[in-house]
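Open the model in your viewer and keep the selection panel at hand. The stops below say what to select next and what is there.

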Amino acid sequence: MDPMTFILITQLVHGLAYGMLLFLVAAGLSLIFGMMDILNLSHAYFFMLAAYIGYTIAGMTNFWVALLLAPLVVVALGMVIERFMLRKIHPFGHIPELVLTIGIGLIIMEFCKAVWGTQSLMLQTPEILSGLLNIGVFRYPLYRAFIIFFAVAMMILMGILFYKTRFGTIVRAATADADMVNALGINVPLVYTVFFGFGTWLAGLAGVVVAPFLSVFPGLADQVGFDAFVVVVMGGLGSMSGAFVGAILIGLLNSFGIQFLPTAAPLLTFGLMALVLSIKPTGLFGVRQ
Amino acid sequence: MIAKKSAPSWKQWVFPCLVGVILLAYPWVLGTVYTNIFIYFAIFSVFAASLNMLVSYLGVLSFGHALFYGGGAYATALFLDHIEGLGLFTVILIGGAAGAALGLIVSPLLNRVKATAFALLTLALGQLAYMACLKLRFITYGEDGVGGFPIPDLTLPGIASINMMTAENFYYLAVVVLSLCLLLMWFLTKTPFGSIMIGIRDNPDRVDFLGFNLPMTKAIVFVISGFFAGIAGAVYALFQNLVTPDGAFHIMTSFTPIMMLFVGGIGTFAGPIVGSGVMTIIEELATRYTTQIALFNGILLVLVVMYFRTGFVGLYLLIREKLFQKESS
Amino acid sequence: MAEKKLFFNLCLTLSLMAALVLLPHGGFAQEVNSSFNPSEMSDMSDFDPNNFQQPEGDTIKLGYMQIMSGAAASNGELFWPIVTWAAHDINKRGGILVDGKKKKIEIVTGDTQGKPEAAKKETERLCLEEKVDVLWGTSGSHLAKVIADVAKKYKVPFMNCLALSDELMDEKNFNRYTFRTLSNTTQWNMAMAYYFSKRPETRFSILCQDYMYGHSMAGAFKKHLKKLKPEVEFVSEDYHQLWLKDFAPYLTKIMATNPEVLYTADWLPDGDNLAKQVRNMGLELPIANIYITLRETLKALGVDGTENLINGYCFMSGDTPQTEAQAKLMKAWHEQWKTWKAPYDSDTYAWPEVVLGSTLNDTYWLFDVIKRAGSTDPEKIIEVWEGDVFQSIQGIRTMRADDHQAVYDMYISDYTYPTKEVYPGALYSEGFAGPGEIITVPQKYCTPPVPEGLKGRAE
């Protein structure tokens, strides 16, 4: 094969792998905003907390147990925060919510430092996922392929949950008109709490998945959080397809940017975000501000 | 509450005089370390107050206010680094002008968005500035920043030339410049233009119908807010004699005044000043006894948002009201 | 592969030996003013970094300037056992005789928070309120610059043992009170270039962090290697964003240019992530690096990930202590380490090696200077330290009087596995490679001239 084609295809797959990882983080953020109108700035910190918890559980048992359990811990925390904090201040508008979630983020970071220390931790890639995948002439790291596969599986799961279950119907209805759904006798606040938990669960999954890929350290939330923000803002807050397109776009922009425009690569993401926001403030797929 | 006209005139002068005496004596009583902490507090009071203009009058929260502050700081530092013989007030005004110019440049973009999108767009612009500052090494000297530039003396023609390198002298300069900024911002709220701004927050459509040019008015607010943030940045640059991307444009530089605003009390004039004071004291105490500054900041933010959304100023008003009621009953 | 490597190592050793023989003997009989004496070392069996015993009363105060809070607080944690170890040792010896009185070492912490304004504020507090006698620090060249400025203003000696930017000690930024014990960017890269000029590889890829430090490191390496080995080819040169998440796009780009060595000056967490992702992509090439050395990281990288890491520093032992002093220190430290509680029980602290070792070495040097000055008077300390020649735990260190830059031999090693026991019953590393044979790059091959404007300053 022509070497340039080879590079292009490899960069494409790299972009997909990183994009899908971002999608896992961004999806929860976007969903929560879409339904509950909350921009959760602590979302990335839930992600980081899950990575830390995953590291500990994987050390005691194995990666798969960690993938199952660690997200559940952050879900519980997320639901408590939604029920006892965010719900109370929701009537006061956006700004207090933004500030509150910054505060929660800071507390989570200090908690992680107190429990796991300040040094970088690194989780070993699970045995079964280490090594390279051989497809013809292509050799690709198995773990990166797993990230793509896992995120796609999660997307399918979300699709089923939203479009094929009663919970999904309620959620979609509540997103459109919460008062009406409430009037129909459905406990909307409870749905909100569960839904917030679901959003943090996605962040938690991403956190565990990222642990064998990136060092887990107290700055992890900021490191990945910014990109996740760019993704949802570009794609359109509240839109699932927007989050998907945004994630893939950022992933591809990253890998092709590095290949062809290396000096501008770091400016590209934020530049594009500013551009999209100024042309279409709701993002590419968003409908509401 | 409106001050009663009947109050004896000397009473009105007691408080400002007391503040004046305290400010004058401060560096001689508390020494260099606390003098510098006070300067830092004063800089952030103005920076937070400039952010407060956007929050209180336009009802939008900027997550990238460091853009103006850092822009002012870098402008001052670079001018001093490259051009000899600039006066002290000239370079401070250059910082303010840079902030104002940046405000003007971004206003067409910012005019298009509101609420969360505004916060996010400003975040993106702030980050863009941070990245660009690291990237444009031939101008900004990268992460090492612009430092060691000459600090001009304060020359009063024919009277004296005062060296600004000592903490005490710089303290008086900073206090005068920054108090002036706060006073100007305060007077602004009393002008007809101030009423229009408040009108924009409460009901933008109505302001539009009344025939005021809404985008133009908003642009003016961005320019003014950028100007004062730029002045704060300029004083910061002179104070530190070093401007770095982390100090000027980092995301925490944008978040700090937000926290101050909330802790002090949003929507009040004293809020940013009180908030800056409280946060400075907390940081000072926290660094001395623990390494978990962020934890204290986080807990403070959560408590303020959950239990007293009106901040410390609101708390003070509440207490005063309680006491006042007791007196009258 | 192993044979090939052995052969080249052999060639390298032989050529270095030849260099040693060819040099005039007079150049080596360096007279030292003082030396680290291992037999004076205290019994450290009661040392615990979590519970450092601060002395009471009249003390010599050392200001420990580091990032203690925020996301980069690992820096502050990392060197705490170092300063407390040296202080504990000196205190158990009864302290240092200064100004006619035996005083013990007290450590006062200053938190730079990783921010220049906090660094300034804290340095001022330490100088004016705590009245520290010396300052110790710090990670981050921009922070070291702030500390040096304040140190100059209040006339407090500052030992910079962690920031390596050349500019810190150039004509513009030099000040009498700051001494740099760490090698600067040029020294480090000259050593690396010298080492690679003896190796067969000619195709190099550069991947550094996209900011001043990364660019100046890469620039110095390119310049010095090209000088020693004109046939060298830099097949790719990239600079990535700080705290990069995904290195794969860079690696694909680099692989396409078919390099033989990857050069990186990344610090953590970028260095860790880079090494990990390089190996995950199936790339086996040597990685020349400065900061991929923390043992917790190496452990996670495993044997395959750590073999062929090439590290250079001014202090390195691997599994073979290079001097008697180092052997004694390593044993005392490692035995004591087994008793430490979190966070110091982690593998990172197992041996006083590389960054940890060099800062410990420098701290002992600082205390020795104070002892010989017989005073905490900054002028007396400057007088002793300028031009000082010290037989340290590893190597002879000379503090150049003109620019206050320490110069010495540098050490470089290609990591190998398995490692040996450092002393009976104490294996250097398990499940990951460590420094193999230590190559000494003699001082004359890694010493840049004094900056033009500072020449003859001290006379």
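Select strand β3 (residues 96-98) of chain C together with β4(C): they pair in the antiparallel sense over 3 bridges. Strands pair here if DSSP finds at least two bridges between them, and helices (H or I, at least four residues) and strands (E, at least two) are DSSP runs, numbered from the N terminus. Leu97(C) has Lys102(C) in β4(C) as its bridge partner. The two strands form a hairpin with 2 residues between them, and Asp99(C) in the turn has a positive phi of about 45 degrees.

This is a predicted model, in which local features need pLDDT of at least 70 and side-chain atom pairs count only at pLDDT 80 or more, while totals for chains, interfaces and linings use all residues. Residues are numbered from 1 along each chain as its sequence is written, and chains are lettered from A and ligands numbered from 1 in the order in which they are written.

β2(C) and β4(C) pair in the parallel sense over 8 bridges. Leu62(C) stands opposite Ile107(C) of β4(C). How many of the 11 residues of β4(C) are buried? Strand β4 (residues 101-111) of chain C has 8 buried residues and is mostly covered. A residue counts as buried if 20 or more other C-beta atoms lie within 10 Å of its own, as exposed if 12 or fewer do, and as partly exposed in between, with C-beta atoms placed from the backbone.

Next, select helix α8 (residues 270-280) of chain C. Here 11 of the 11 residues are buried, so the helix is largely enclosed by the rest of the structure. The buried residues include Asp270(C), Asp272(C), Lys276(C) and Arg279(C). Just after α8(C), click on Gly282(C), which takes a positive phi of about 85 degrees.

Strand β13 (residues 389-391) and strand β14 (residues 396-399) of chain C pair in the antiparallel sense over 3 bridges. Phe390(C) has Arg397(C) in β14(C) as its bridge partner.

Zoom out to the whole of chain C. The chain has 12 helices and 19 strands. Its radius of gyration is 21 Å, close to the 23 Å that the globule rule gives for 459 residues, so chain C is as compact as a globular protein of that length. The radius is taken over C-alpha atoms, and the globule rule is 2.2 Å times the number of residues to the power 0.38. Along the principal axes, the C-alpha atoms of chain C fill a box of roughly 65 × 50 × 50 Å. Of the 459 residues of chain C, 57% count as buried.

Colour chain C by domain: domain 1 (34-183 + 356-408) and domain 2 (186-313 + 411-445). These bounds come from an automatic or database domain assignment. The C-alpha centres of the two domains of chain C lie 29 Å apart. Between them, 8 residues of domain 1 of chain C are in contact with 7 residues of domain 2 of chain C; contact requires C-beta atoms, placed from the backbone, to lie within 7 Å.

Show chains A and C together. There, 33 residues of chain A are in contact with 33 residues of chain C. α1(A) gives the largest share of the side of chain A that touches chain C, 6 residues.

Which element gives the largest share of the side of chain A that touches chain B? The contact takes 31 residues from chain A and 32 residues from chain B, and α4(A) gives the largest share of the chain A side, 13 residues.

Last, select Phe47(A). Leaving aside neighbours within four places in sequence, Phe47(A) is in contact with Val25(A), Ala203(A), Ala206(A), Gly207(A), Ala221(A) and Val224(A).

How values were computed
Two residues are in contact if their C-beta atoms, placed from the backbone, lie within 7 Å.
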